[in-house]
Amino acid sequence: MSTKIIQLEARADHSDLNLAKGEPYYPATSADAVKGLDKVVDGKVVKYDPATETADGLMSSVDKKKLNKLKEEPLDGLKLKAPNGMIYILSVTNDGEIKLVKEDDHQT
């Protein structure tokens with residue numbers, strides 16, 4: 001689809017539009033304003049449903065699963081994985097001390 005840009009010229013002063021007589025301007029419009037164009041545009045617009053963990057939408061279902069795993073802050077603990085595969089939980093005590101425990105030893 002091609003785009004046609006049309007320049008118009010103000011026939012009189014229009015202070016409410018910030019236009020002076022003879023000043024060029026470019027009108028803005030939409031598909032709704034041109035008869036029949038909405039049907040042409042509607043057929044070319046890709047429509048997306050919301051993504052779920054099982055169906056793609058505006059994002060992939062894989063990314064949706066990852067997003068759903070994120071927790072809101074503040075976090076109670078942060079899981080970290082060591083190079084050997086061991087999982088540790090980093091947290092803070094009521095006294096503000098940093099605490100690191102193996103996931104197996106963590107009390108919930």
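Which residue in β4 does Lys81 stand opposite? Lys81 faces Ile87. The model is predicted, so local features need pLDDT of at least 70 and side-chain atom pairs count only at pLDDT 80 or more, while totals for chains, interfaces and linings use all residues. Residues are numbered from 1 along each chain as its sequence is written, and side-chain values use heavy atoms, with hydrogens and water left out.

**Overall layout**

- The protein has 2 helices and 5 strands.
- Along the sequence they follow the pattern β-β-α-α-β-β-β.
- Helices (H or I, at least four residues) and strands (E, at least two) are DSSP runs, numbered from the N terminus.

**Dimensions and surface**

- The radius of gyration of the protein is 29 Å, whereas a compact globule of 108 residues would have one near 13 Å.
- That radius is taken over C-alpha atoms, and the globule rule is 2.2 Å times the number of residues to the power 0.38.
- Along the principal axes, the C-alpha atoms fill a box of roughly 80 × 35 × 25 Å.
- Buried means under 20% relative accessible area, exposed over 50%, and partly exposed in between (1.4 Å probe, protein chains only).
- Among contacts with a separation of 6 or more, 4% link residues 24 or more positions apart; a contact means heavy atoms within 4.5 Å.
- The protein exposes about 10100 Å², and carbon and sulfur atoms supply 52% of it.
- Accessible areas come from the Shrake-Rupley method with a 1.4 Å probe; for residues, only the protein chains shown count as cover.

**Paired strands**

- Strand β3 (residues 78-81) runs antiparallel to strand β4 (residues 87-92), and 4 bridges join them.
- Two strands pair if DSSP finds at least two bridges between them.
- β3 and β4 form a hairpin with 5 residues between them. Gly85 sits in this turn, with a positive phi of about 95°.
- β4 also runs antiparallel to strand β5 (residues 98-102), through 5 bridges.
- Leu90 has Leu100 in β5 as its bridge partner.
- The hairpin of β4 and β5 has 5 residues between the strands. Its turn holds Gly96, whose positive phi is about 85°.

**Asn18**

- Asn18 lies in the loop between β1 (8-9) and β2 (24-25).
- Its phi is near 55°, a positive value in a residue other than glycine.
- Most residues other than glycine have a negative phi.
- Is Asn18 buried or exposed? Asn18 counts as exposed, because its relative accessibility is 67%.
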